[in-house]
Amino acid sequence: MIALVLIGLSALLALGIGIKARSGHEMGLEQWTVGGRGFGAALVFLLLAGEIYTTFTFLGASGYAYGLGAPAYYILAYGTLAYVISYFMLPAVWAYARRHSLVSQPDFFARKYDSPVLGVLVALVGVVALVPYLVLQFTGLGVIVQAASYGAIPKGVAVVIGAVVVTLYVVISGIRGSAWTSIIKDAAIILVVLFLGIYLPLHYEGGIGAMFAAVDTAKPGFLAFAATGKSVSWFVSTVMLTALGFFMWPHSFGACYSAKTAGVFRKNAIVLPLYQLVLLFVFFVGFTAALVVPGLKGAATNMALLKITVAAFPPWVVGIVGATGVLTALVPGSLILMCAATLFARNFVAVIRPLSDEQTVKLAKMLVPVVAVIGAYFAIAGSDTIVALLLMGYSFVTQLFPSLICSLLGRNPVTKAGAFAGIVAGVGVVIYFTMSAETLAKLAPGWPEWLRDLNVGTVALLVNVAVMAGVSAVTARGRVEVKAIP
Amino acid sequence: MKGIGWLAVVPFVGMFAGPVLHNSVTPFVLGMPFILAWIVLWVLISSAVMALIYWLDPDSGGAES
């Protein structure tokens, strides 16, 4: 009971901050979504860092380490490489968005390629990719409420409670609330994760080194990559896919518009890799749990961190851990919801039928509960691990990378038709593999192992680039000829 | 990308080299399995490389003010 009370209090606290952050700011479209572009280094840092410490890291990474071992390492590697890319990419994106007063990611594509239709496609891909990301936050919230009630509240009810809280939070506060809650959330999660990551291996195995030695004895090979399946080839392709896609999420892309200067991103590229080293302690928790509370399989591995917490501590500690978990789902969950609703209102509806800014905000706010219901439905019906959900989202969203990066070049070799065709082809491949549950290993049994283990998202990305280049070459030639004739 | 920008390739090569060349649990480094320790090391090196690029990049100071 005490655990549930603490969790409830943390949700109320977050709502209170959201209301407070809102006062004194007129909530126009820019204010609600990009905070009026007035965020300094600290707040943008936190909004972008807010992406590191989500339910995905807290429950997903520990569960993945628990269930699969070495493949979890990818989570530590990809963020770092994404920040390296961001150093060069984000200042250019930010400057262009600012010059043209852009609010969303589809705006950027539509303006760069001078094609509203491309904007609609990008919005569609964004919303589709955000759904699994939202589902994973709700799944996490459900797991937390379930564990903190010691099983008294069933999964379905727990997910609905989580979805209602996130929805209220978004409608009340917008992006400012997210930024301020981020501060509390990050402080809480760092403390909790450091404590658990140091205490649990020490308490159960006598230390981190001893814990890893025990895991290696109990499960030989668990701490290195397997020869097939989630092999080194899977690791390299997954890290590349997710590093390229990291800032392609509509909400991360949008969050970078809220910076005051471009220097913010360059500094962040130095600091954020270090900031995510806290992940290491999440792994320690997951690996210790694999020894202490074994037996969870499949989607149940999402429970690993909470299960060992329940086993090791009295209810009030479970409450604190759970409350932290609620914040890690609330902040990104609210950003995702807000973003999906705004994308739909601005980049679907407003393209079909012109709306004023006020009408767009109103429509977006009305759409928030609709998107929440969709997310809650899939969270209750689905049975994926948190990491699998995020990887599915990444397969979609990374398809935007090739045409985005080309649009930043001095002379863009990609035409609007090329960009459109590439994205459609890439997304098509991802949908095929997701729907048919096919894998490369099944599809091409004769291929060398390293090819068969590639993340299918990277295969889709290669198809995307090939189609983009081909169609661009054809359509660009057409363009030159037209010019040459008169 | 200006000359100094090519330094940014280093973190990619480094991060992948460990698992590709030596996919093994041992030797344990600071108590961690080899590959995990390798990735941690490259997170640190990557941060240092980005600091170096920041320091050498003529653009970074200008955009600051």
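**Close-up 1. The buried residues of helix H14 in chain A.** In this predicted model, the buried residues of H14(A) run through Ala304(A), Leu305(A), Leu306(A), Lys307(A), Ile308(A), Thr309(A) and Val310(A).

**Close-up 2. Thr238(A) in helix H10.** Here we move to another helix of chain A: Thr238(A) sits in H10, which covers residues 232-245. Is Thr238(A) buried or exposed? Thr238(A) counts as buried because 23 other C-beta atoms lie within 10 Å, and the cut-off for being buried is 20 or more. Leaving aside residues up to four places away in sequence, Thr238(A) touches Tyr74(A) and Asn455(A). For a sense of distance, look for Val474(A) as well: 236 residues separate Val474(A) from Thr238(A) along the chain, and their C-alpha atoms are 31 Å apart.

**Close-up 3. Where chain B meets chain A.** Now both chains come into view. On one side of this meeting place are 30 residues of chain B, in contact with 31 residues of chain A. Which helices of chain B each supply at least two residues of the side that touches chain A? They are H1 (9-21), H2 (34-56) and H3 (58-64). H2(B) gives the most to this side, with 11 residues.

**Close-up 4. The kinds of residue on chain B's side.** Stay with the side of chain B that touches chain A and sort its residues by class: 22 are nonpolar, 7 are polar and 1 is charged.

Terms used
Residues numbered from 1 in each chain as written. Chains lettered and ligands numbered in written order. Predicted model: local features only at pLDDT ≥ 70, side-chain atom pairs only at ≥ 80, totals over all residues. Contact = placed C-beta atoms within 7 Å. Helix = DSSP H or I, 4+ residues; strand = E, 2+ residues; numbered from the N terminus. Nonpolar A, V, L, I, M, F, W, Y, C, P; charged D, E, K, R; others polar. Buried ≥ 20, exposed ≤ 12 C-beta atoms within 10 Å, placed from the backbone.
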